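Here is a short briefing on the structure shown below.

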Amino acid sequence: MARFFIVRISLIIVTLLFVSASIFAMTEALSGDAATAALGQGRTDENLEAMRKKLGLDDPPHVRYLNWLGGVVQGDLGESLRDGQPVGGLVFTRLGNSLLLAVFAFVVGVPTAVAVGIWTAVKKDSLIDRLFSVVSLVAISLPEFVTGVVLIIIFSTTLGWLPSSSLVQPGTSPLSRPEILILPAITLMGVLFAYIMRMTRANVIEELDTNYVRTATLKGLSYRRVVFRHAVPNAMLPTISVITINLGWMLGGLIIVESVFAYPGLGRLLLTSIETRDTPLLQALALILAAAYAISNLVADLSYAALNPRVGLN
Amino acid sequence: MVAVPGTPDADGRADVEASKPIWIWRWARAAYNEIMLLLRTSSGRIGLPLIALHLFIAIVGPSLTPYPHTEFHLEHRLEGPSLEFLLGTDQFGRDLLSRILSGATSIITMSVVGSAFGIAIGTAIGISSGYKGGMVDEVVMRIMDGFMSFPGLLLALLVATMARGLEIPLMSAQFEEKVFIVITIAVVFIPRVARVLRSAALTIKELEFVQSARLRGEPGWYIVFREILPNTAPVLGVEASVRLSYAILLASSLGFLGLGVQPPSPDWGRMINESRQFITTSTTFTLVPAIAIATLVIGINLVADGLREAHQLPKETPQ
């Protein structure tokens, strides 16, 4: 057990080092740097030179990377190249907002998807099953920005029930207006809902077809008990790994969803940081995303092992 | 004794292989069989025509446009469908039908070419690494895992922004930006394809015909490309269709974020982005490109489902 954690956590650290180094290399390769981006059209050779010095861009790349890495180890994520604010503070509130959205989508979406999956499996080939299989196909096929704008057309411009933009006053939490979370959360959850539902359905159908389920039915257990005590727990095992793999997908979806609804989260900050070549900010954001991804994979393996005694932690 | 093409051999069978030496025939037959198989599944019956329609538009669409796709009709801005403009107009009064038709070619070619590169390179890496095994496999797969630790869209954004800065000599700007999107799609796909094909190769390499090829003393490349590769065909087919639908999602998402084909060339993703500010005035402006993207991806996903059904492969998990 201890060995498992040591190995996995060191793997995560190696991954994060790799991610940060490659992002650093990629931003190095981008044309122009923060100084040219900040000065825009009004740049001359002299003020460009001065700006680079001010931002510390005149050191060779490896020195800058190691400096940055040294800072991160001490908990200092550096300062934004654009306005000199500490990156930690900038990222922190946005991270909170994004987490709020993601957790909201996840907590509402996953149980619903699993429930619908079980329901359609039990009612296999019924009208409701066909209906949901069409819905899930459409949900999987639509990119987040299409789902988003279609939802805006239906619920904002036509019905007028929900706001089309999730902008909040700077400094206030989206929780002050919870209704702005609904459309982004539905959009974010759309694809995941479909995958998780399809997976649950397929697995439950498979389990219902096994010998032990037939035994349970034949010895006179109620159908409800057969489904919920016998088939569903076993069907959940493969489903769980799909759910956690999906966490990583959700992170990508966040970038698009936040952009569609102008939601003040990490994704939009990420887009700005790429535009302005703000390396420290971009690094911090990419690290957070990669760390979240790595941790969700770890959680996947842990929950899998916890649910399945046959799988050891090795 | 030298076998003469077309003459019966010792078993009395005509040497069919040699009498029909054109390999294109075999490919065409395989493709025909595959389509017939697909048409037996209900997903394939809906998906194939949808794809065929989009392919048709991609090939001949640009020459069918009722108006030039950049022509302004300022007195007809943000109109709904009418006889004059069958699908309505955008914020400059440009004909949406013409813009959709001429935008189809770029998104479909970019996605197809991008996935083709990604799948080809990923397959080569995955199968070779799986066949080779040992230290090489370990190192290659760790590198692939490293790339997979980027959420796909983040990697795509970085690669797309990075590529945008490069300048390739002897290439027009319009062509160059398409090349960059193709590169982006390929880079994102390589590690994911490599992983799937590696696990397919691991199963196949234990089979008898691979062992006997090895005992015959065939070289490694022969075993990888002539023994293992053809037997991954069903996996590869499903993977290709799944990848293609992701490629379209990726290309249109990049377009939506402003990193796609630049104006005035029409880009379905960017059209949706532009339409958002006029969403209260005109819903058709948003809905037309949305439906174009949706039907294309739905068609591809249906074919992917049909292929899985026809070859009885398990459903894939998303990555």
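Helix H4 (residues 61–73) of chain A has 13 residues, and at 1.5 Å a residue it should span 18 Å. Its end C-alpha atoms are 18 Å apart, which agrees. The expected span is 1.5 Å times one less than the number of residues. Helices are DSSP runs (H or I, at least four residues), numbered from the N terminus. After H4(A) comes Gly75(A), with a positive phi near 85 degrees.

This is a predicted model, in which local features need pLDDT of at least 70, side-chain atom pairs count only at pLDDT 80 or more, and totals for chains, interfaces and linings use all residues. Residues are numbered from 1 along each chain as its sequence is written, while chains are lettered from A and ligands numbered from 1 in the order in which they are written.

**Where chain A touches chain B**

- Chain A brings 42 residues to the contact and chain B brings 34 residues (contact: C-beta atoms, placed from the backbone, within 7 Å).
- H10(A) gives the most to the side of chain A that touches chain B, with 10 residues.
- That side of chain A has 32 nonpolar, 9 polar and 1 charged residues.
- Nonpolar means Ala, Val, Leu, Ile, Met, Phe, Trp, Tyr, Cys and Pro; charged means Asp, Glu, Lys and Arg; the others, Gly among them, are polar.

**H6(A) against H12(B)**

- H6(A) packs with helix H12 (residues 284–311) of chain B at about 115 degrees, their axes 9 Å apart.
- Axes are lines fitted to C-alpha atoms over the stretch in contact, and angles run from 0 to 180 degrees between N-to-C directions.
- H6(A) contributes Leu137(A), Val138(A), Ile140(A) and Ser141(A).
- H12(B) contributes Ala294(B), Val297(B), Ile298(B) and Asn301(B).
- This contact has 6 nonpolar, 2 polar and no charged residues.

Key. Two residues are in contact if their C-beta atoms, placed from the backbone, lie within 7 Å. Helices (H or I, at least four residues) and strands (E, at least two) are DSSP runs, numbered from the N terminus.
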